[in-house]
Amino acid sequence: MDNQANAIYIQSGGPTAVINASAYGVITECRNQPKIHRIYASEHGILGLIKGKLFDITEKLPGEEYLPDTPSMLFGSCRYEIDEGDQEQSDYHRVLDTLRALHIRYIFINGGNGSVRAGLRLGRFLKSQDYDFSLIVVPKTVDNDISCIDHAPGYPSAARHVALTVAELARDMMTYDTELIVFAEVMGRNTGFLAAASTAARKIDMGPDLIYVPEVTFSKEKFIDDVGQVLKKKGKCFAVAAEGVKTADGRFLFEDVSINKGMDMQKNMGGITPCISQLLREHFSCKIRGIDLGLMQRCGIHNVSETDRQEAEQLGRLAVRAAVSGESFRMVTLNREPGRPYQAIYELVRLEDVAEKDNCLPLSYVTETENDIREEFLDYILPLIGTLPKYTVLHRKYI
């Protein structure tokens, strides 16, 4: 590696509340390194490198101090994937041309498991072209499905948002003395970590009665029976489910045409609230509220976890230090020290190991009834999401 070279920072995948904190860590740490001369950021992820659309961020940006508190992704992302079947490898060569033209040797990719695999493929191509570089991935995802890490930056803030929102909805559900079913959809295409986080609402006040995760099969018949039993007992029922729950035939619930009559599957990928609402209305005559927690789970910064924000920035800084020390094909990661209080250990892991498999919610956290989360999960999640509020609880003592 040259004594002095330039660096590129790339945001990839979907937004989180703290990905800009990682950006801040990478950018400011690059300025501290004598081996790094100029710093660039790619506009809209890998597309910026392919099209040569980059920002020069060597000098301090106006309002840069607010970057860790800025939601979503400052530099943007894309859904574009390089065609691995392209015999000419056109996109890869365009990326290489951009890197060579700007003397970029340090590559920092801030993304999830898909970005890890994309970064690994990019790195292998650059190596095949005898290009001298260092490539480090800074992890992030709200789904918490990256392997080789205790928890991905972005997940604790999304989990906090889910816990607080569910606690608020559960309290709202109790306002009227009428039968009511509330269903809340949370993110999680292949993992149930965010759905499981809703159990933390019980530490505030009331939480969901039922929780469904993609790691176990979703049965429509059992779901209706579960809701019916809770409704009979309490007069109200609050159910939470991850968007990625699947039926016995392995299909996502939103793919079930028996529920989604006439619905455009492509436009409603991940949207199970209409499906569940229709299913409930076919079996219950009471009021039904279907609520999709939506994009606020991944970009809402008003419920940010301070632990999450600090760890995201620190991982960005450590990525830069690893690169200038000669590391490449690595992801910066964190694990937790045993015991209490919570403390993170920062390490490096090979991209090949991270790319090997995705992380799933351990089934040991799911109850035998497969419709709830065990209290042991709180030991995992509570140190990550920060101090929770306290609500006044009415102790009903009639005159």
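Q: Which residues do ring pairs link into a cluster?
A: Y155, F193, Y365, F377 and Y380. Keep in mind that this is a predicted model.

Q: How many aromatic pairs are there in the whole structure?
A: A search finds 11. One of them is F55 with F75, a tilted pair. Their centres are 6.0 Å apart, with 40 degrees between the planes.

Q: Where do F55 and F75 lie?
A: F55 is in strand β3, residues 54-56. F75 is in the loop between β3 and α3 (90-101). The two are 20 residues apart in sequence, so the pair ties those parts together.

Q: Is F55 buried, exposed or partly exposed?
A: F55 is partly exposed, because its relative accessible area is 35%.

Q: And F75, buried or exposed?
A: F75 counts as buried, because its relative accessibility is 6% and the cut-off for buried is under 20%.

Q: Which helix holds F377 and Y380?
A: Both lie in α12, residues 377-385. They sit three residues apart, which is about one turn of the helix. F377 is buried, with a relative accessible area of 0%. Y380 is buried too, at 10%.

Q: New topic. Which residues touch the most other members of the largest nonpolar core?
A: L99, I107, F108, L126 and M331. That core has 61 residues. There is also a second, separate core of 43 residues. Among its members are M173, V213, F377 and I385.

Q: What does I107 touch?
A: Leaving out residues up to four places away in sequence, I107 touches I8, I10, L99, L126, F133, S134, L135 and I136.

Q: Now the sheet with four strands. What is the strand order?
A: It goes β7-β8-β6-β9. The sheet is open, and the pairing is parallel.

Q: Which strands are at the edges?
A: β7 (210-212) and β9 (287-292). Each of those pairs on one side only. Neighbouring strands in this sheet are turned by 15 degrees against each other on average, direction ignored.

Q: How many bridges join β7 to β8?
A: Three. β8 covers residues 236-242 and runs parallel to β7. As one example, Y212 has A241 in β8 as its bridge partner.

Q: Which strands does helix α7 lie across?
A: α7, residues 220-234, lies across β6 (180-186), β7 and β8. It runs at about 150 degrees to β8. Helix α8 (residues 273-281) packs on the sheet as well, touching β6 and β9. The direction of α8 makes about 170 degrees with that of β9.

Q: Switching to α1. How far apart are its end C-alpha atoms?
A: They are 19 Å apart. The helix has 13 residues, 19-31, so at 1.5 Å a residue it should span 18 Å. The two values agree.

Q: How many residues of α1 are buried?
A: 12 of its 13, so the helix is mostly covered. Among the buried ones are I19, Y24, V26 and C30.

Q: What covers them?
A: The cover includes strands β1 (5-11), β2 (36-42), β4 (104-111) and β5 (134-139). Helix α10 (306-324) is also part of it.

Terms used:
Residues numbered from 1 in each chain as written. Predicted model: local features only at pLDDT ≥ 70, side-chain atom pairs only at ≥ 80, totals over all residues. Heavy atoms only, no water. Core = buried A, V, L, I, M, F, W, Y, C linked by side-chain atoms within 4.5 Å. Buried < 20%, exposed > 50% of the residue type's maximum accessible area, 1.4 Å probe, protein only. Contact = heavy atoms within 4.5 Å. Pairing = 2+ DSSP bridges. Axes fitted to C-alpha atoms, helices over the stretch in contact; angles between N-to-C directions. Expected span 1.5 Å × (residues − 1). Phe/Tyr/Trp six-rings, centres within 6.5 Å; stacked < 30°, edge-to-face > 60°.
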